[in-house]
Amino acid sequence: MTHDRGPSPLGPDSAYSDASIYVDAEAAPRVVDRLRDALGLVEDDGAELVVGPVRVEGEPNDYVTGWRAHPFDFLEWPTVLECEAVAGAPAEEVVQAVTAVLEALWRGGFKAVAACDFEDELPARGGIARYPLPGSGSGGAGASVSSWWKNLISPGKRKGRLL
């Protein structure tokens with residue numbers, strides 16, 4: 001069956017319903033404010049903003065150990081942007097919105113990596129290709145380890161979950 005009318009809208013269990021963007025910067029509100037300016041958004045909803053069909057909320061990362069993490073250890077970066085798509089949003093629009101957030105962060109000088117089920121559809125594989133795997137000698141994380149971290153934390157389900 002072909003989809004002549006574009007991608008189907010998101011269901012409640014869609015792989016496109018949420019994403020977490022880890023940012024190597026302190027103070028989640030400052031990251032959100034700079035992101036709001038970079039994207040030219042006018043509304044000020046504190047630590048939350050809306051990009052297309054995606055609500056983005058900045059929070060301190062609960063998994064920070066307090067040690068300076070290697071750039072590849074993005075799961076320990078101090079800020080996480082929780083991205084949640086509105087029900088019924090086309091998957092293509094969600095990918096475009098998360099791409100816009102990532103690219104604005106990178107242009108602003110932030111190190112950022114998205115952890116989601118669709119990072120292969122994002123630039124630089126969600127950002128992971130921007131940071132070399134320690135000791136790999138390559139320009140990015142190898143395909144054999146590109147999804148090792150997917151099983152560590154399920155995006156959007158971090159709160160209240162014990163590891």
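This is a predicted model: local features need pLDDT of at least 70, side-chain atom pairs count only at pLDDT 80 or more; totals for chains, interfaces and linings use all residues.
Residues are numbered from 1 along each chain as its sequence is written. Local features need pLDDT of at least 70 and side-chain atom pairs pLDDT 80 or more, while totals for chains, interfaces and linings use all residues; side-chain values use heavy atoms, without hydrogens and water.

**Exercise 1.** Classify the ring pair of F74 and W77.

Solution. Rings of Phe, Tyr and Trp (its six-membered ring) pair if their centres lie within 6.5 Å; planes under 30 degrees apart are stacked, over 60 edge-to-face, and the rest tilted. The whole structure holds four aromatic pairs. For F74 and W77 the centres are 6.3 Å apart and the planes stand at 70 degrees, so this pair is edge-to-face. Ring pairs join F74 and W77 with Y22 and Y131 in a cluster.

**Exercise 2.** Decide whether F74 and W77 are buried or exposed.

Solution. Buried means under 20% relative accessible area, exposed over 50%, and partly exposed in between (1.4 Å probe, protein chains only). F74 has 1% relative accessibility and therefore counts as buried. W77, at 0%, is buried. In the protein chain, 42% of the 163 residues count as buried.
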